[in-house]
Structure formats: structure tokens, C-alpha cells
Amino acid sequence: MKKTIRSAATSLAFIVLVAMAARVTYAWEQARKIPPEILAVVPFQQETGNIAYSLSQGKGFSALFRADTGPTTWLAPVYPLLVAGIFKLFGSFTTRAFFAAVSLNILFSSAACIPIFLAGKRIGGLAVASLAAWLWALFPNAIMMPFSWIWDTSLSALLAATILWATLALAESDRVLNWCGYSALWGFALMTNPALAALLPFLLGWLACHGRLAYRDRLQHRDLGERHLRWNRVALAAGVTILCCVPWTIRNYVAFHRFIPLRSNLPFELWLGNNDIFDEHARNGRNLITRIEETRRYAQLGETAYMQEKWQLATSFIRSHPGLELRLAGRKFAAFWTGMESPLKTFRETDSNLVRGILLSSFLTGIGAFVGIIILWRRRSAMNFPLAAFPVIYPCLYYVTHADLRYRHPIDPALCILTAIAATSAWELARAKAHTKSAEDQSANALL
């Protein structure tokens, strides 16, 4: 029986099935509570759904607010194209389209167990791999996201987990084909979620410095030829990644007559988290941002001028409110890592067990990731840097703009791995202490 349980607990296929079952169950339970006419329309009433509808109607990558406002580069193209395909197959704004999109998200989220397991096994063996995959399979945020957001969130988590595993695996390879595949993966990821670009230079830099010999702790024996080979491979990877994005960049230049590598909405996101609404002493007395007003302003100015205006407003606010900016950064930090700007107050006052579970699991995985980084650092593990880059580098953008658990989700797989490292290390330490105490007791009994 113990052998059977152990075999099931370490079976990747079984973990993936459980992950899928948990997500399907949550989606089914939530869908029962919402009228079909709401499910058919409301989840698509955002930028992704609007652009996807325009694409499905043959009007191109445009109509950001479902009005004839011309082309847009507000989002990267991959996920809107997927939703547009769903609209073509199942109809625009139908319950069938909604459930198709949710099913696709569930597939992405469940599949993330695979690179999490493989990366965890490479780092800490079967115990870390299994625990990390189980954490992801039962992670409340990962169960909720596929249903709650018809967005690239679940796909981004899968791509980030795959990039982490591929980075660790590629450190042991010099094959050109493997490096080109890695570059294509990065290209697809950037065309899905450009925020992942924050990790690219750090992971490529690590690959340049830590090759096959670093894994064997023999870095001092690496010769100059191998160093040049690694840097050549990194340059190849960077070049192919850029080439994957060039067609989209050309399209953006043709549409807007300016250089927009991937997407244009950074000024808006910066303004959204840094504006007069947060200043209690603002003279204009504004205390609300409305979608109607912003849609009207966007249509009036056009995307380019609209973004320029938001950039000027945001940077001016940041320069003129240094003290407030520090407080806002603290609130964004809390929101990124727990989902709420006031997590303790929300935990006490909410009557939802789901909200409490999300707050608690988010907080514990954040702490677990920090402990996992410390453990890998104390072990002098060469794999600490690429793992730590996810929770250390990636969130910085959201401390400046605005934060939400949805934005944290792409790095949740890495947090699960780090938490698994912390948990297995604590278990091994507890077992070692128990074994030592048992040995001491036996010695004492023998003396008596």
C-alpha cells in the first residue's frame, strides 16, 4: 500500500489529471451560479475580447474598445488571435465560445505541471519535483485563473515554467538546434506576454556564464574556447528571439509610424497606478477613473497621442509626489504578493473562505520562495540565480505601475518550486534531528 501511494504521489500523469479535475470542478461550480447570457458576453468585455472580435470579423488587430478607433498595439498578438479562432469556430460572444476559452486555459494551466515537475527534478530530485507539481495542481490561484480571466494569464504561466525548465536544461547543451528551439520559445512567450522580457537578459546572462562545467562545479577548468562557444550560443539565442518578434514590430511601425517592439500600453499602466486619484489633496478633486471617459479620450486622441498624454501625466505625478510614491510602492508590493493592498484587514473581514485561501496560499508561497532562495544560496547551487530571477526581477515592473495577483501568476510556478525546496529541506532537517535524538536515546539506554 505504501508503495502504491508513493507511486501515485510521484506520478506526473496522475498529478496532471488531478490538476485538470480541480480546475474543471471549479469552473463547473462557478458556471452554475452565473446566467448563460452573462457568461457569453461579460468575460469578453475587455481588451482581449474586443480585439479578438475585430479579428474574427476580418477588421484586423484593432477596435480596442469595440469601437472603430483604428489599429492597436495595446496587447501582444498571440492570445487575441487564439480567442479570435475560438470566435470563428464557436461564434462571437456565445456560451460555447466562453467554455472553449476556459477549456483552453484549463489545458494550459494543467500542462504547467509538466515543466514544473521537470525543473524541480533537475534542481532537487523526485521529492522536490513531486511536491512542486502538487503545489501547482492544488494552488488556489491556478485553479481560479482559467475561469476568472479570459486573458493570457494561464498561458503565460505555462510559458514561464517552460522557459525556466528549458533554461536549466540548456545549460548542459551546446547543440545549435536546442538553442534555436529555446529562442523560438522565448519569441512565442514575448509575443504572448511581453512582461516576461524582463527575465530574458538575466537568464541569457546566466547561460553564458554557467555552462556544462558549472553544473559539475568545475568552472575553474573551463577553457577559453568553451567560453567563446557559450557566448556565441547566447548571441544566437538573442538574435533568433528578436527575429521572432520582428514581423510584429514591422506591423506596428507600418500602423503607427513609430518604433513599438511589442506593445504600447506601458504609459497607460504607469498612469493607472500613479495619478491624482491617489493624492488626497489633488485640486481637481477626481476620485474615479471611468471606462467611458477613457474610451472617449482614447477615441478623441488616437492611441499614440493618448499614450503620450498618459506618459506625461504619470511621470509628472511621480516626480512631484516622491513621498506618496513610496507609500504606493508598498501598497503595490502587498497587492502583488497577496492580492490585496490590505491583506490582514481583508483576511479578518471577509466571509469568503476562497478569499482567505487565496490570501494565505499567496502569502505562504511568497515566504516559501524567499526561504527556498536562501537554502539554494547556502548550498551554493548554480541554479539559484535563474530561479531567484523570477520573484526578484519580474515583479519590479508592477511595483512601479500597478499590481494584482493576475500579474503575479506567470511566476507562480517558480514560486511553487522554491516553496517545495524549502518544505523538503525542512522535512529533511526534522528527520535528521529525530534520527539524532533517537540515536542518542538508544545510546543512553545502552549505557543504563
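**Buried residues, crossing helices and exposed loops**

Biologist: Leaving aside its neighbours within four places in sequence, which residues is alanine 112 in contact with?

Modeller: This is a predicted model, so local features need pLDDT of at least 70 and side-chain atom pairs count only at pLDDT 80 or more, while totals for chains, interfaces and linings use all residues. Residues are numbered from 1 along each chain as its sequence is written, and side-chain values use heavy atoms, with hydrogens and water left out. Contact means heavy atoms within 4.5 Å. With neighbours within four places set aside, the partners of alanine 112 are Trp136, Leu158 and Ala161.

Biologist: Is alanine 112 buried or exposed?

Modeller: Alanine 112 lies in the loop between α6 (95-111) and α7. Helices here are DSSP runs (H or I, at least four residues), numbered from the N terminus. Buried means under 20% relative accessible area, exposed over 50% and partly exposed in between, with a 1.4 Å probe and protein chains only. Because its relative accessibility is 0%, alanine 112 counts as buried.

Biologist: How far apart in space are alanine 112 and leucine 415, C-alpha to C-alpha?

Modeller: In sequence, alanine 112 and leucine 415 are 303 residues apart. In space, their C-alpha to C-alpha distance is 13 Å.

Biologist: And how far apart in space are alanine 52 and glycine 120?

Modeller: Alanine 52 sits in helix α4 (residues 47-56), and with 0% relative accessibility it counts as buried. Beyond neighbours within four places in sequence, alanine 52 is in contact with Pro80, Val83, Ala84 and Phe87. Alanine 52 and glycine 120 are 68 residues apart in sequence, and their C-alpha to C-alpha distance in space is 36 Å.

Biologist: How are α7 and α8 oriented to each other?

Modeller: Helix α7 (residues 113-124) and helix α8 (residues 126-137) have axes 7 Å apart and pack at an angle of about 150°. Axes are lines fitted to C-alpha atoms, for helices over the stretch in contact, and angles run from 0 to 180 degrees between N-to-C directions. Angles under 35 degrees count as roughly parallel, over 145 as roughly antiparallel, 65 to 115 as roughly perpendicular and the rest as oblique. That angle therefore makes α7 and α8 roughly antiparallel.

Biologist: How many nonpolar, polar and charged residues are in the contact of α7 with α8?

Modeller: The α7 side includes Phe117 and Lys121, and the α8 side includes Ser130 and Trp136. Ala, Val, Leu, Ile, Met, Phe, Trp, Tyr, Cys and Pro count as nonpolar, Asp, Glu, Lys and Arg as charged, and the others, Gly among them, as polar. By these classes, the contact of α7 with α8 has 10 nonpolar, three polar and one charged.

Biologist: Which hand does the crossing of α2 and α7 have?

Modeller: The axes of helix α2 (residues 12-32) and α7 come within 10 Å and cross at roughly 140°, so α2 and α7 are oblique to each other. Leu12, Ile15, Val16 and Ala19 in α2 meet Cys113, Ile114 and Phe117 in α7, a contact with seven nonpolar, no polar and no charged residues. A crossing is left-handed if the near helix is turned anticlockwise from the far one by less than a right angle, and right-handed if clockwise. The crossing of α2 and α7 is right-handed.

Biologist: Which hand does α20 show where it passes α21?

Modeller: Helix α20 (residues 353-378) and helix α21 (residues 384-392) cross at roughly 155°, their axes coming within 10 Å. They are therefore roughly antiparallel to each other. The crossing of α20 past α21 is left-handed.

Biologist: What is phi of arginine 380, roughly?

Modeller: Arginine 380 lies in the loop between α20 and α21, and at 75% relative accessibility it counts as exposed. Its phi is positive although the residue is other than glycine, with a value near 55°.

Definitions and conventions:
Helix = DSSP H or I, 4+ residues; strand = E, 2+ residues; numbered from the N terminus.
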